[in-house]
Each structure stands twice: as structure tokens, then as C-alpha cells.
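Hi everyone, thanks for coming. Let me put the structure up, and then we can walk through a few parts of it together.

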Amino acid sequence: MGSKRVKVADISKDADKKLLELSRSDLAELPGVDEGDGKKEAFKDLTEKQRESYEHALDGVCAVQIPKPKTKEEEEQLVEKFLAGLSKLLSKEDNWTFYQQLMLTLENCVKCQTCNDACAIYLGSGKQDIYRPTFRSETLRKIVNKYLKKGGKTFAKFRGNDIELNWATIARLAELAYRCTICRRCHTFCPMGVDNGLITHELRKLFSEEMGIAAKELHQSGTVQQLKVGASTGISPLAFEDIIRFMEEEIEEKTGKKIKIPVDKKDADILLVHNSGEYISWLENPAAFAIIFEAVGLSWTLSSEAYGYEATNYGVWYDDVQFSRIALKQIEIARKLNVKKIVVGECGHATKALVVIADRILVDEMNFPRESALPLLEDLVCNGKLKLDPTKNDFPVTLHDPCNMVRLMGIVEPQRRVLRKICPQFREMTPKGVDNYCCGGGSGFAVMSPMNFQDWRVTVSGRMKVKQILDAFSDVTDPDIPKYVCAPCSNCKGQLRDLLAHYALTENQRIYYGGLVELIVNAMPDVKEPFIKWE
Amino acid sequence: MGVIVLIVFYGSIIFCVIASSVKIARFASAPLHLKWEYYRGSTAYEAIDWWTKEPPAGAAHKLKSILLDVLFLREYFQRNRSYWFYLYLFHVGTYLLILWHVWLFAASVVVDPDTASRIGLVWGHVSTGLMFVGGLGVLMKRTFDEELALYYPPIHYLKWVLLLVTLLGGFYAVYYHFEDKASELLAYVQTQITFGDLEHKLHPPFASAAHAVLASVWLIYFPFSHILRLFFRYYHELRFDEVPNVPGGPIEARIKMLLGQKVSWSAPHIQKGKTWAEVATQLPQDASKEARK
């Protein structure tokens, strides 16, 4: 455990003082990475103006940007609102979506602390108390037991409910709800079935659905923008059509293949939906999908209608209402096009949200067939439907398992079978598969960079992933050898981009990242120039 | 005094049954929730058109998983070995002692006390010993291991001490009061459960009265214990929810009912008071446009 002990009861105290100050030497060691002076702060401090304006007394990091209340009355109103929301969380009418799991999680914990060692953030931080999965859950549990249960204040300390509910508690709890990536690795470690990731989810929901408090990138510029414009990236239908034309030109220029990408084709077998971030940051990914699908002659289409070209659903991380709205909009597009099924591209949370979680809100004609793209890719590669030359991928490749598709859906093998088939130097990370560590960008972190939050997520939440990557390539440290981290998930790629840049791993060790389809196209013999550009 | 012991003991049995049933019923009748599983390996989602495949993981698989977890505390063994050792001794002792009580009540009715074997008593002592050593070990770990002491409330230390006292009380009753004789113990239990001697029942000896009172405390505690809660973990709609929602099926019917419920959340982006179906299909901006028309 970290050297700076923080008790749960401390969360209510000293509202203006940080609960935790971290220096670099407190963090988990990263062998082979020079991080400079260990006495320096672990991540950059907020500016004075930011400190004056926003709540940051958890650890000096600001993810949610909650303005400081101006008066005592305002604080009291917020406390009342929080309690009202908490009552709704515990009501099976108001919170039917997660009531049963939440009750189990609140009641079952035996305080064995087994789950902590599963948490990439707790481990990466050098085992700091406030980042324990149990710290957040225990805080909420104590508040529920003391303030909402009958007789909760009687012998509160003796019964373990030593906490004061005030604005300091709530402001810190709101930030704490954004120090967990909801990867739910801790859940798999719990002998009692407690799901601390769910506590994070439910806290975020309480703040969003009752108090209107949520990370701006997830709500205003995320789901609200998606429901207004059609995509969380802000891409409009018109802009999308331009992008597709540009993508066709790019494909021709890079591969010599002249492809007409099917858009809004009615009655196709497949509606392929990508995270729209791919079109902005990694155009080669949807381009590679198009090359592969056209090479085998699949009946497929993209949609240019609002909601039809965006697979993301940030609602899954913080708000059941926004989640439901987006899932329904996406299904509506597939119905209009009369396709046979929706196939979600390389995006973990989008796949999990639409294929699995939405299963319990879709009825009648809205209960539409939908699946991940990975099984389809496996079929094309492993059953000889695509002609491929593995020698074109003769460089070290490792696989990052996106939590949402692997641990939380059980899609473990298809991507591995593809890599074993087409990458002679494929090597696994440790741990792997359902036991993988989150990239540190899960639950929306990858798109969140307010103030010093990005610094925190590359320094703390992504730390274990960096260690895994370095370990996976420890036998090929020669900077002349390019290495590839395959991450079949848009959000994970966003986080990997920031991690590799922060630790200068591309610059110093030539470690690159990308998706799975790029490797497949790179192995196609009729694509003369390397599809992967190493730049 | 004997009357009070009788009321407490039989009252606690009735309370335990009713409160446990209420808890189980409340949990089982909780509304259908969104699908939020985690997986230990490959699933049907690895297949193309997965919805056309048979749902995996039959009853045998679930039962095996539950037995491994409950009988061997598999998860603690894998993740927290040092704690597992004492916890396992305690649990093995508990399972054996529960079975021993079943034997005790059954044997007292079907076996002639005078011909009873001593093996039954040895079984009881070994079970009590395992439970005591395990319980004491857990209490020590919870006291001196910094991780295990973290967040562990004072009331739970009291619980462990009371448990050890209960075990000692049981041992004392059998070993000293009944002089470690199976025949005497079985004869006494037979009288108790057949209501053969009401006078004796109203004036129980101190050793058995004290043990009955301590046992009553545990019967009252049981519905609130982690032992009962652990079973909720394996509730089929929680831990093994692999049944897909198919058009026209029972899951769909339950979803429709839930979508008809009113939403009460108060944030500005939610139309409070409308049904889930309305809120999910109508955006606030659309609703305000409609209102202006």
C-alpha cells in the first residue's frame, strides 16, 4: 500500500486540502523509462485560477470541472439533491436498470480487499488508498447505511458508518467516480460477486441523471452532441459524405485499388458502423475494412444518416437515459436501410453497449440482430476467404485486449486466431485475455483531457498498460525494429496514442499502435506498398 | 427463565425462516436489469450470427461453478491464499457442524440413545475444533493484517468473539454437561424435540440454555449475514444471465412493462414524469418543439 494513508472518513474533512499529493517516486516503477526527478509531482498542478474555480480536493486533478458553490446554502442544496438521487438509485422503480446488481454490491462486500490488486489504477499509483476500488464503494456504502437506512446514525462508528455527508464528501466523490475506468477487473477478483465498477457507473449516473453533473466530454460534447448532430465527434451527415469521398481517394492512392464505398445501400446484408473518431483520427481503419469487405465481395453498406455513422454510445458510462436514446437511434437507421444485421467495427464500448447491454431495452422490431466485426474478420482470414501473405507482417506484434469486448463480452479468441495466422512474431502481453489490464482510457477517459486530467490518465491510469507493452517487447528493444501494438478498439487507440507520446516510446523504441484490420490489409499480396506506414 | 429461553429459541427459528424468505423473495422479485455480465473465457459472441446459436452454460456448468466456489472457496484460494487458509478451516468446520446438527436431530429420533456410537461425538468435536481454529485465525488476521483490518467495522470483531464463545459453549455443553456421552446427549435432544418432558423443557440446565440462547443470536443474524447473501451471487438472473431477449419471449414482456414505468430523475435533459419509453424515444429538444406548436 502507499505510504500516505487516507481513511474513508477523511473524505469529509478539510474541504480545501487535497486528500492525496503524489510525487513521481510514489508511482509504480516503470523499468527502462526515465521519468526524471522522483521528487517532482506525479502530474502537473492546476493553475491558480483553476484551483479557485473548480473542485479538485480529491487529488488535485480536475476531471468533472464542478464549479465551487458560492454560498453555504448552495452547498446544502447540493447535498440535499445528492441524497434525493441516492434514494432513487436504491429504488427498484427509479433504478430498475441496475437495481439488483447494485443491491448485491452494496450488501455483499466482506472487506477482504482482494479486489484492490486487480485494479490497474491502484497498482499504477503505487497502491494509494484513494484509488482502491473499495475506497469509493465503501464511501457510498457508509453514506447509504448512515443517511438512508433506518437507525443508521445509531452507533454509526461502531457499525462502520463513520462518515459525514457534506459538500466536501460529494465533490470528492464526484471526482472519484472519474478515477475508475469501469474495466471491472476487480469484479472478476471478488469472491462475493461485488462489482466496484458498477458503483462507479451508478455514482456517475446519480450525478448526471439527478444533479446534471457529468464530464463535459461525455455529456455536452458527447451524447448531447451525438443526439443533436449525429455523432459525438460533431461530424454532420454532409461532412461524412465528404470524408467517404476522401477515403476512396486515399485507398486508391495508397493501394491502387479503386473502390466505391457503398453508402446508404438498401437491403444489404451488413450495416457496418464505426466509432466516428476513426474517420477523424485513424481513417486507415475504416478504409481497411472497406478494402477487406470489397475484396471478398460482401454485401455491406455504411450509413450517411445522422446516428448511422456513429457507433459510440458514451451513455453506457454515465447515464442510462442517454444510453437508451442513442441505442434506439442506431437501431432505427438499420431498420430504415432494411439490412440483415448491424456489425460494429473495432470499438469496444460501442460493441458492448449495442450488442449486450441494449439487449434489455429493445423490444418488437427494434430488437435487431447485431454483432461484433471480430468473428467476421476471423472467418475471412482463417477460412481462406482472403489471400494473405504473413511474411509482410514479419515484425513484433502484441495484442491489447479491449476490456469491453474481451472480459465483458467474452470475445477472446477471434482476434488472436487472426494474429497467429498473419503475424509470425505475434506475442501475448501478460496478463492477457479476460485478465488483461485496461489501457487506462476506458469509461471515456480516452476522450477526456480537461485541465490536468490527461496528465493523470497517462501517468497513473495507463501506467500498467505501458509496463505490459514494454514487457511484451523486452526481447526486441532495438529501436531499428518497428513494433506494433494491435488494439482493436478506438478508445484504446486514443489512450495508446497518448501513452506512447508521453513516454516517448515511438520516438525511442519505435513502438506503434493500430487496429487489427490494418494488419490484415498489410498482409494482402495485391497491396503493393505497405499499408502500415510506421509514422 | 426457562420460558424466556424457549421463547427466544423458537422465536429465533421463526424469525430466521421468515426474514430469510422475505430477503430472498425481495431479491428474486427485483426488476429485470440491463445485461451487465463479465466472462471467464470465450462466449457465444465469438460466433457470427450468435443469436442463432444455442445459449451456452447449462445447469451442470452452473452447479459445478457454485460447488467449487462454496465448498472450496476457490476464489479466495486463487486470489488471497493467506486469508483463504483460516477461512477455509472455518468454512469446512461450519459445513461439518451444520451436518452434525442434522445428524443429531435425526439420530435422536431414529437411534436408540443407549446404542449410539461415539463417532457422532467425535464428528461434532472435530467440526467445532476446525471452526474454532479457523474463526480464531480469521479474527487474528482481521486484527493484525493491515489490509484485512481496513474498513472492517468494530461490530464484526464482536461477531467473531461471540462466535468463538458460542463454539466453546457448545463444546462445554457436550463435553462437561453431557459428560461426552452420546447416549445422554441424544436422549436429551430427543426429549427436547419430541416435547417429551415439558417440565424439563421449562427448566433447562444452564449449559444447554446458554447454548440455545447463543444459537438464537446466530439464527436472528443469519438473514443479515454474508452467508445468505453469497447465494444471491449465484442467482440465475444475476450471475449466469445468458438468456437472450427474443421477440415475443418472456424477457421482452418484462422489458415492455418496465419501459412503461415513469421516470423520476430530475436532471434538465430528462423529461421527468414521462415513461421510460417516451423519454428514450423523445429528446428534450423535440419535446420543447412540440410544446411550442
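**A short tour of the two chains**

What covers the buried residues of helix 15 of chain A? The cover includes strand 3 (341-344), strand 4 (370-372), helix 16 (414-422) and helix 21 (516-522), which are likewise in chain A. Please keep in mind as we go that this is a predicted model. Helix 15 itself spans residues 374-382, and its buried residues are Leu374(A), Pro375(A), Leu376(A), Leu377(A), Glu378(A) and Val381(A). After helix 15 of chain A comes Gly384(A), with a positive phi near 70°.

Strand 3 of chain A gives us a way into the strands. It pairs with strand 1 of chain A in the parallel sense, over four bridges. Within that pairing, Leu272(A) has Val343(A) as its bridge partner. Strand 1 of chain A also runs parallel to strand 2 (residues 300-301) of chain A, and two bridges join them. There, Leu271(A) is opposite Thr301(A).

Which way do the residues of strand 1 of chain A point? Ile270(A) and Leu272(A) point one way, Leu271(A) and Val273(A) the other way, and all are buried.

Now please find helix 17 of chain A, residues 453-461. This helix is mostly covered, with eight of its nine residues buried. Among them are Phe453(A), Trp456(A) and Arg457(A). The buried residues of helix 17 of chain A pack against helix 4 (120-124), helix 18 (463-472) and helix 19 (490-502) of chain A.

Next, where the chains meet. How many residues does each chain bring to the contact? Chain A gives 67 residues and chain B gives 58 residues. On the side of chain A that touches chain B, helix 15, strand 4 and helix 13 (320-337) of chain A are among the elements that each supply at least two residues. Helix 3 of chain A has the largest share, seven residues. By class, that side of chain A has 31 nonpolar, 17 polar and 19 charged residues.

Last stop, chain B. The axes of helix 4 (residues 81-110) and helix 8 (residues 182-193) of chain B come within 8 Å and cross at roughly 85°. So helix 4 of chain B is roughly perpendicular to helix 8 of chain B. Where they meet, helix 4 of chain B brings residues including Leu104(B) and Phe105(B), and helix 8 of chain B brings residues including Leu186(B) and Ile193(B). This contact between helix 4 and helix 8 of chain B has seven nonpolar, two polar and no charged residues.

Terms used. Residues numbered from 1 in each chain as written. Chains lettered and ligands numbered in written order. Predicted model: local features only at pLDDT ≥ 70, side-chain atom pairs only at ≥ 80, totals over all residues. Axes fitted to C-alpha atoms, helices over the stretch in contact; angles between N-to-C directions. Parallel < 35°, antiparallel > 145°, perpendicular 65-115°, else oblique. Contact = placed C-beta atoms within 7 Å. Nonpolar A, V, L, I, M, F, W, Y, C, P; charged D, E, K, R; others polar. Buried ≥ 20, exposed ≤ 12 C-beta atoms within 10 Å, placed from the backbone. Pairing = 2+ DSSP bridges.
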